[in-house]
Amino acid sequence: MRRTAEVSGSVMACLLASGGTTMFSLPRRAGHRSWMRFLLLGIYLSSVSAKPDSLREVTDGNWEDILTGEWMIEFYAPWCPACQQLQPVWKEFADWGEDMGVNIAKVDVTEQPGLSGRFIITSLPTIYHCKDGVFRKYQGARSKDDFLSFVDEQKWKAVEPVSSWFGPSSFLMNSMSALFKLSMFIRRCHNYMTEQLGIPVWGSYVIFGLTTLFSGLALGLLLVFIADFVFPSRRFSSPDYYQKKQTMEQARLIQQQDEDHEADGEEDDDEEEEDDDSDVWRRRRGSPEGRPEPKGQAFPDEALRKRVVGNREEEEDT
C-alpha cells in the first residue's frame, strides 16, 4: 500500500507539473485542455479516496470468511483503555497487510457478542492468528514491528493451535455463541422495559423469572412428547400387551389366594394342637394318679385344690 501511495503521488506531481503552466497561462482557445486536465485530476482523486480501507471489520454475518487465507484479528471494546492505545498501531500494521498477503481485521465485542462467545474472549484486547481455519492466540508484544515479524518470519508456527473442540466452528462454540447472543438480547429487553416503558427493575426481574419458568415447562413437555414418539412404550409397540398383562394379573391373584389358603391351614393346625395340649393338661390336672378324667366331669379350681390336699394328708397318715 505504501508503494502504491508513492506511485500515486509521483503521478499526481507529473500531472500538476505538466498542466500547471497551461492552467494559468493558456489563452482562451486552449481553455478546453485545462478543463480536461481538471476532470482527469478529479477522477484520480475520487478513485484514491474511494479505495477500501485496509482494516476489515468482522461480524457475525461474515466471520466464516476468516476460515480461508491468513488473518490477524483483534478483539476490542471502545471503552477499553488498552484497546484505545493499540488502535493506532493496529491501523499502521493493517497498511502492510496487502503487501504481506495477510488480512488484518478487528471485532467490536460490544456489537458482536456472538463472536465474543465463539472465541471465548476473557480479556481485552485479544489477538488471534488464523491460517486456513487453524487458530492461534497471539501472546507477544503489541508493536507494529512485532506484528510484522510474527507474520513475515512465521513465528506463529511455534504457537500451539486451538483445539478443534474449542474451534470457532465447533458445536460447542456454536452453542456458546448462541448463549452470548441470548444474554445480549435479554439485556436489551431489560433496558427497553426499564428505560422506554418505565417498568421498575424488580418488575423486569419478575417478568424474566416467569418467562423462564413457563419456557422450562413448555420445553419439558416438548421433550417428553419427543421421547414418547421416538421411544414408544410397550402398549403401543406390542398389540397383545393388554392380554399378557391380564394373564399376569390373574396368575398373580391365584398365587396370592394359594398363599392365603396355606396361611389359613397353618393357623388351623396350630389352633388344633393348642386345643389338644389344653385337653391333655386338663385331664392330667383332674386325675392326680394319672387316671383319665371321666367324660362330662369338670372340677373347679378350688375343688381340685382340696382334693389334692386331702390325698396328701392320707398319704402322710399311712
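Which residues gather in a patch of negative charge on the surface? In this predicted model, the patch is formed by Asp258, Glu259, Asp260, Glu262 and Asp264. Residues are numbered from 1 along each chain as its sequence is written, and side-chain values use heavy atoms, with hydrogens and water left out. Because the model is predicted, local features need pLDDT of at least 70 and side-chain atom pairs count only at pLDDT 80 or more, whereas totals for chains, interfaces and linings use all residues.

Patches comprise residues with over 30% relative accessible area and no salt bridge, like charges being joined within 9 Å and nonpolar side chains (Val, Leu, Ile, Met, Phe, Trp, Tyr) within 5 Å. Accessible areas were computed by the Shrake-Rupley method with a 1.4 Å probe, and for residues only the protein chains shown count as cover. A salt bridge places a side-chain nitrogen of Lys or Arg within 4 Å of a carboxyl oxygen of Asp or Glu. Glu259 counts as partly exposed because its relative accessibility is 46%, where buried means under 20% relative accessible area, exposed over 50%, and partly exposed in between (1.4 Å probe, protein chains only).

Several backbone features occur in loops. Between helix H5 (113-118) and strand S4 (126-131), the loop contains Pro125, and the peptide bond leading from Leu124 to Pro125 is cis, with omega near -10°. The loop between H5 and S4 also holds Ile120, which has a positive phi of about 50° although it is not a glycine. With a relative accessibility of 37%, Ile120 is classed as partly exposed. Asp132 is located in the loop between S4 and strand S5 (134-137); the phi of Asp132 is likewise positive, near 55°, in a residue other than glycine.

Helix H6 (residues 144-152) includes Ser149. The buried residues of H6 are Phe147, Leu148, Ser149, Phe150 and Val151, and their cover includes strand S2 (70-76), helix H3 (81-95), helix H4 (97-100) and S4. Ser149 counts as buried because its relative accessibility is 15%. Apart from neighbours within four places in sequence, Ser149 is in contact with Gln154 and Lys155, contact being defined as heavy atoms within 4.5 Å. Gln154 follows H6 and has a positive phi, near 55°.

Methods. Lys and Arg count as positive and Asp and Glu as negative; His and the chain ends are not counted. The place of a charge is taken as NZ of Lys, CZ of Arg, CG of Asp or CD of Glu. Helices (H or I, at least four residues) and strands (E, at least two) are DSSP runs, numbered from the N terminus.
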